[in-house]
Amino acid sequence: MSYDLVVIGTGPGGYVCAIRAAQLGLKVAVVEKNKTFGGTCLNIGCIPSKALLYASEMFEAAAHEFAPLGIVTPPPQLDWAAMSKHRDDTVASNVSGVAFLFKKNKVDSVIGTGRLKGAGSVEVTAEDGTVTTLDTKAIVIATGSSVTPLPGVTIDEKTIVSSTGALVLDGVPKTMVVIGAGVIGLELGSVWRRLGAEVTVIEYLDRILPGMDAETAKQFQRIQAKQGITFHLGQKVSGVTLKPEGSNERGATVSFAPADGGDAQTIDADVVLVAIGRRPNTDGLGCDDAGVAMDRGRVVIDDHFATNVAGIYAIGDVVRGPMLAHKAEDEGIAVAEILAGQAGHVNYAAIPSVVYTMPEVASVGATEEDLTAAGVAYKVGKFPYTANGRARATRHPDGFVKVLADAETDRVLGVHMISSVAGELIQEATLLMEFGGSSEDLARTCHAHPTMSEAVKEAAMAVEKRAIHI
């Protein structure tokens with residue numbers, strides 16, 4: 001078969017790219033190595049984790065939040081089988097939705113492992129060994145990422161697990177150690193803490209959520225500690241050892257010591273979650289044979305997503321920038337439009353990031369640390385949720401909103417927040433920044449009362465020290 005475009009990978013970047021290209025009149029095929037579409041995000045990442053985050057949040061609310069509202073119920077009991085079914089049903093619905101969209105947009109799908117055979121050719125090897133060659137004018141690499149292993153530690157997805165295994169444990173462990181205080185570790189750690197596990201987080205750096213605004217991360221750590229998560233920061237894990245078979249104890253022992261030197265210590269856990277990051281899926285793709293330039297496992301692209309080989313493009317987790325599904329989606333749309341002769345573009349200064357715990361953490365744009373390092377003069381406006389009427393009414397007073405604006409032009413350069421609905425509120429800031437808005441623009445925009453979004457307006461007003469409710 002001959003195509004205008006072949007997309008390798010059907011995660012958020014790949015499937016969105018394929019659909020948009022088909023909408024624009026291109027003849028498109030996708031190559032997927034797994035039996036279901038959607039990549040890590042829909043199958044074993046974003047979607048199932050959010051299903052469990054919500055379910056565990058409701059479980060904890062039933063146990064601790066109903067009584068103060070005057071709702072008297074018996075203590076809730078966990079039905080892990082039913083909660084797991086909710087997770088699986090959510091995944092199945094999303095995955096089948098992608099399959100439907102491919103059919104609707106006349107996108108051909110080829111199941112098998114794709115490999116570049118140079119510009120204009122993709123070789124696909126099916127599970128039974130059958131090889132199919134697809135001829136195409138353009139190729140988009142959208143193969144996503146996978147879990148970064150911890151050297152010397154073998155993940156068995158039962159006792160020592162990655163994010164994949166942490167989603168499908170047989171039941172609630174009594175104790176869990178999470179190695180890595182990034183987004184994935186904190187989200188999944190919060191799921192199991194709510195369901196009853198004692199959770200300890202070990203992080204190599206001296207802070208959680210690397211790359212996020214430092215003040216925001218510090219306050220969020222205090223909130224998580226108050227909820228019951230124990231943190232060991234600035235610690236290097238030297239090994240994880242399974243308990244001997246036949247012993248009376250299950251689980252593993254984690255050995256760690258201060259990253260800058262010092263005495264080692266150990267901690268036992270029923271389950272150990274390794275969550276130290278993700279790495280691009282480029283092994284076996286044939287990039288070297290095809291002559292595609294690489295940089296530490298990532299595909300090198302220009303400002304139009306093109307590699308150094310004519311007709312081969314790349315998007316998502318395999319290229320520079322944050323490993324976020326929505327970033328990959330925007331890149332997929334942009335490259336599809338470029339291939340169709342339009343002007344696709346992604347504004348990397350306005351890509352939001354969210355941690356889906358309770359409360360949520362969200363940010364967009366530059367942090368204070370970024371601006372200081374760049375020598376940019378800026379003003380700060382902050383507003384706490386303890387002063388927000390809706391937050392009090394819903395018993396979610398933790399957190400704040402912080403707006404960073406250019407000291408000279410007042411253009412908003414970054415927004416950071418902790419809130420029960422931060423993942424939704426951050427879109428207001430993202431839209432403002434996409435249109436080059438100022439803190440005054442936001443401050444003078446009427447917000448409904450009482451809402452959590454009023455804190456965003458008040459933070460913008462605070463840039464010029466004119467917040468009303470503090």
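Colleague: What makes Lys 218, Arg 222 and Lys 226 of H7 exposed residues, and which face carries them?
Modeller: Exposed means over 50% relative accessible area, buried under 20%, partly exposed in between (1.4 Å probe, protein chains only). These three are exposed, on the face of H7 turned away from its buried side. This is a predicted model, where local features need pLDDT of at least 70 and side-chain atom pairs 80 or more, while totals for chains, interfaces and linings use all residues. Residues are numbered from 1 along each chain, and side-chain values use heavy atoms, without hydrogens or water.

Colleague: Which residues of H7 are buried?
Modeller: Thr 216, Ala 217, Phe 220, Ile 223 and Gln 224. They share one side of H7 because they span an arc of only 120 degrees around the axis.

Colleague: What do the buried residues of H7 pack against?
Modeller: Helices and strands, among them helix H6 (183-194) and strand S23 (400-406). Contact means heavy atoms within 4.5 Å.

Colleague: How does the reach of H7 compare with the expected value?
Modeller: Expected span is 1.5 Å times one less than the number of residues. H7 (residues 214-227) has 14 residues and reaches 20 Å from first C-alpha to last, close to the 20 Å expected.

Colleague: What caps the N-terminal end of H7?
Modeller: Asp 213. A side-chain oxygen of Asp 213 lies 3.4 Å from the backbone nitrogen of Glu 215.

Colleague: What follows H7?
Modeller: Gly 228, with a positive phi near 120 degrees.

Technical notes. Helices (H or I, at least four residues) and strands (E, at least two) are DSSP runs, numbered from the N terminus. The arc is that of the directions from the helix axis to the C-beta atoms. A polar contact is a pair of N or O atoms within 3.5 Å; within protein, one must be able to donate a hydrogen and the other to accept it, and residues adjacent in sequence count only if both atoms are side-chain atoms.
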